[in-house]
Amino acid sequence: IFIEKPVFTDFKYFDKYQKYQDKIFIGYNRIFYQNINMLKKLIKNEKNLEIVCNCPEKNTERILTNSSHIIAILIYLFSNLKITFREKNKKSIFVRLQSSKGHRVNIFYNINSINNFSINIFNKAINILMKPIEIIFLYNKLEKKKIGKKYFYNLKIDKKFNEFKLNKYKPGFLNQMSSFRDFCYGKKKNSISLSFSKKVMKLCNEINK
């Protein structure tokens, strides 16, 4: 069975269906972006990563139904994440998380803000920006430019990958369907399972409580 994310908006409802774990595939299509899987390999051995995410939403309910995609990506990249700080008001939510390897994640949820969804990952060795999530920029150094009598420094793009240009279909769709087909034929273990989706929604519930 293929079920669109997030399945439930309350993580407590997942337990009842856990016995069907090996028969259910969840539609977190962004996990199947080639950019995301390239990124996972790229940061695998990096230490002391800082991650900054911006999630502009129409309302806080969308944190569960839409921004869960961002949480799914973060859990896919960094595994277990624990909230260390959270602040909420009527217009925004700020949350700080830490991974089991010590990477630090800061997420800004700004209601009705004029912005794109973005994820910025960096340390002293790398700087990676996804803005929007479908386009990834790899920066390798600062570039000095002179304007008038003053010098300014901008990040220089080393590589750029655009998920929209890979094929004519929705980003991640072909890889997702290929994985679902293999899952149906028993050729591949399902990584986007009920357990994964429960972990995503549990964190979303804690952020939006």
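Biologist: Which residue in S6 does proline 56 stand opposite?

Modeller: Quick caveats: this is a predicted model, where local features need pLDDT of at least 70, side-chain atom pairs count only at pLDDT 80 or more, and totals for chains, interfaces and linings use all residues. Numbering starts from 1 along each chain as its sequence is written, and side-chain values use heavy atoms, leaving out hydrogens and water. Strands are DSSP runs of E, at least two residues, numbered from the N terminus, and two of them pair if DSSP finds at least two bridges between them. Here, proline 56 stands opposite asparagine 110 in S6. S3 (residues 50–57) and S6 (residues 104–111) run parallel, joined by eight bridges.

Biologist: And in which sense does S5 pair with S6?

Modeller: Antiparallel: seven bridges link S5 (residues 92–99) to S6, and arginine 96 has asparagine 106 as its bridge partner. Four residues lie between the strands of this hairpin, where glycine 102 takes a positive phi near 90 degrees.

Biologist: Is serine 118 buried or exposed?

Modeller: Buried means under 20% relative accessible area, exposed over 50%, partly exposed in between (1.4 Å probe, protein chains only). Serine 118, in strand S7 (residues 118–122), is buried at 4%. Beyond neighbours within four places in sequence, its contacts (heavy atoms within 4.5 Å) include Val52, Cys53 and Met130.

Biologist: Which strand gives the most to the nonpolar patch?

Modeller: S10 (residues 150–162), with three residues; Tyr153 is found in that strand.
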